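Work through the exercises below with the sequence and the 3D structure open. Try each task before reading its solution.

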Amino acid sequence: MPRAVIRAGIIGIWQTWGMSETGVAPADLFEKVFNHERREQLEAADAADLNPYFRLLTSQAGPVVEMEGRETIMLGSNNYLGLTGDPRVKEAAARALEQYGTGVTGSRLLNGTTPLHVELERELADWMGSEATVVFSTGYQSNVGCLQAILGPGDTVICDSGDHASLLDGCKLSGAKLRPFRHNQMEKLEKMLRRAQDDGGGILVVVDGVYSMEGDVCDLPQVVELSKRYGARVMVDEAHGVGVLGARGAGATEMFGLEDEVDIRMGTFSKSLASCGGFIAADEEVVRYMKISARSFIFSASGVPASVGAALEALRIILAEGPQMFERLLANADYLREGLKSLGLKVVEPGMLPDGTVATTPVVPVVVGDDWKAVLLWKALFDAGLYTNVALHPAVPPGGALLRTSLMATHEREHLDRALEIVERVIPEFDGLTSD
Ligand SMILES: Cc1ncc(COP(=O)(O)O)c(C=O)c1O
C-alpha cells in the first residue's frame, strides 16, 4: 500500500481517537518526517544516484580503497596516519578481543573498566602532558558529557560558529547561556567575553584546535590571552589536532606551547588513533568530577576492548614514530593544496602561524558555493574513481558548500597525482569553479 495512503489512514484514525475534550486534534508529530525541507532534494538525489552519503566502503580504509566494488582513491578519510590497517594495531585489537571478549556490556562506572582503559588513560595523560584523562566510548560523547558536566544553567559558554556539532549539543544540554562568535574573529570573541561579564556565572570559551570542515587552525594564542583577561576558562577540541600537530602530536595546543594555559582538551580515537572512542584531558580534580557527573560516561556502555586495545597501540606507535608520520602527512596536504590551486580551484587557506609559516592541516577544502554544484562535482569525481567528502548547509553556512579533501601519511605522491589528474579532467564540466 502506498505510504501516503497508510499515512492518511493512520492519521485519520488517530485524529478521531486523539480529539481532546475541546475537539481540537493535536498536530501530527510525524509531519516533519513526511514534509521536511530536504525531502524532495533527497528523493531526487536518490533517483539519480547522486546521494553522496551512505556510499559503501567495501574494503579496509587506506589511501586506495574499494568503494561499491570499484578501486577508488580515498581523499575523504580521517585515518590521518593510516594506522587503521597497521598490522600492530590490528594485532593489539585482536589480543584485546581475545582477552576481554567482544564487549563489556556496561558503563565504565560499573562493570566496564578493564586494565586496558586504565593503561590508555595513563598513557594519554603522559602524551597530552596533563594530570589525568578519562576515556569515553566516542568523541561525541566526550564533548557532550564534558560540557554537560562542567557547565550549568547559571554559566555562560562562548563558542566559535565553526565548533563541532558535539560541542554545541553539549552546550545546549548543559542549559548554560550560549554566546556564539563569528568563526576565528577575535574581536567578536572579545565582545562576547565583555557581555558575559554581566551574566553572573562562570565563563567557558570552547574552540576547535583545527576546524573540521574548514581545516584551519584556531588562533589559540589570542583565545587564551583574551579568556585570561576576562576570567574565562578554555576548552579545546583537538579531534583533528591530536596525532597531527605539535612535536609530540598532542595537538594545536602543544604546537602553540599553551598546554599549561588551556583548562580542558578533548581528543578522539576515530581519526589519527585509528579506532573509536574519545577522551578528556584536564587536571586530576576536573577528571575525577567528570567521572561522576558526565552522563554520557555514566549512562552508556564502555568502549569495546578491541577499540581500546587498538587506540592504545596506535598511541604507542605515534609516540615512537610520530614525527616522521606527521611530516609525511602535512607534506601531502601541502602538495595537494598547491596542486588544487594550480588547477585554478579556490581552496580554504589554512592561515599562518605566529612564526610566519603556513598552518598546514590534513584538511584541504575546495570552495564550491552552491549545494547542487557540489553534489554534482562530488559525483563526477566519484564516478572517475576519486572519493571526497561534500559539506553542505547546515554543516557549512548557506551558499558555502565545500568539497572537503583530507590526507593520510600513507598517501604516496602517485596517489595524489592520480587524484589531481582526475580533478583536472572533471572540472571543465563545471562553470565558475576555477579562477580563470
Ligand atoms: C571536531 C570534532 N569533534 C568531535 C567529533 C566527534 O568525534 P567521534 O566521531 O569520535 O565521535 C568529531 C568527529 O567528526 C570532530 O570532527
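**Exercise 1: Domains**

The protein is divided into domain 1 (47-84 + 322-429) and domain 2 (88-318). The model is a predicted one.

Task: State how many Å separate the centres of domain 1 and domain 2, and describe the side of domain 1 that touches domain 2.

Solution. 
1. Taken over C-alpha atoms, the centres of domain 1 and domain 2 are separated by 26 Å.
2. Contacts link 25 residues of domain 1 with 21 residues of domain 2.
3. On the side of domain 1 that touches domain 2, helix H13 (305-342), E10 and E13 each supply at least two residues.
4. H13 gives the largest share of that side, with four residues.
5. By class, the residues of that side of domain 1 are 18 nonpolar, six polar and one charged.

**Exercise 2: Strand E13**

Task: Find out how strand E13 (residues 401-406) is covered, and identify its partners among strand E10 (residues 363-369) and strand E12 (residues 389-391).

Solution. 
1. E13 is mostly covered, with six of its six residues buried.
2. Ala-401, Leu-403 and Thr-405 point one way from E13, while Leu-402, Arg-404 and Ser-406 point the other way.
3. In a regular strand, side chains alternate between the two faces of the sheet.
4. E10 and E13 run antiparallel and are joined by six bridges. Val-364 has Thr-405 in E13 as its bridge partner.
5. E12 and E13 also run antiparallel, joined by three bridges. Here Val-390 has Leu-403 in E13 as its bridge partner.

**Exercise 3: Strand E4**

Task: Is strand E4 (residues 156-160) mostly covered or mostly uncovered, and in which sense does E4 pair with strand E5 (residues 177-181)?

Solution. 
1. Five of the five residues of E4 are buried, and the strand is mostly covered.
2. Thr-156, Ile-158 and Asp-160 point one way from E4, and Val-157 and Cys-159 point the other way.
3. E4 and E5 pair in the parallel sense over five bridges.
4. In E5, Phe-181 is the bridge partner of Asp-160.

**Exercise 4: A sheet and its helix**

Task: Give the strand order of the open sheet of three strands, and name the helix that packs on the sheet.

Solution. 
1. The order is E1-E2-E11, and the pairing is mixed.
2. Strand E1 (64-67) and strand E11 (386-387) are the edge strands, each pairing on one side only.
3. Strand E2 (residues 70-74) and E11 run parallel, joined by two bridges. Met-74 stands opposite Tyr-387 in E11.
4. Helix H15 (residues 413-426) packs on the sheet and touches E1, E2 and E11. The direction of H15 makes about 100 degrees with that of E2.

**Exercise 5: One residue**

Solution. 
1. Ser-342 is found in helix H13.
2. Ser-342 and Leu-420 are 78 residues apart along the chain, and their C-alpha atoms are separated by 9.9 Å.

**Exercise 6: The ligand shell**

Task: Describe the residues that surround the ligand.

Solution. 
1. The ligand is surrounded by 14 residues, and the closest are Gly-139, His-164, Ala-239, Thr-268 and Ser-270.
2. Helix H6 (residues 139-150) gives the most to this shell, with three residues.
3. The shell divides by class into two nonpolar, ten polar and two charged residues.

Key
Residues are numbered from 1 along each chain as its sequence is written. This is a predicted model: local features need pLDDT of at least 70, side-chain atom pairs count only at pLDDT 80 or more; totals for chains, interfaces and linings use all residues. A residue is near a molecule or strand if its C-beta atom, placed from the backbone, lies within 6 Å of it. Ala, Val, Leu, Ile, Met, Phe, Trp, Tyr, Cys and Pro count as nonpolar, Asp, Glu, Lys and Arg as charged, and the others, Gly among them, as polar. A residue is buried if 20 or more other C-beta atoms lie within 10 Å of its own, exposed if 12 or fewer, and partly exposed in between; C-beta atoms are placed from the backbone. Two strands pair if DSSP finds at least two bridges between them. Two residues are in contact if their C-beta atoms, placed from the backbone, lie within 7 Å. Axes are lines fitted to C-alpha atoms, for helices over the stretch in contact, and angles run from 0 to 180 degrees between N-to-C directions. Domain bounds come from an automatic or database domain assignment.
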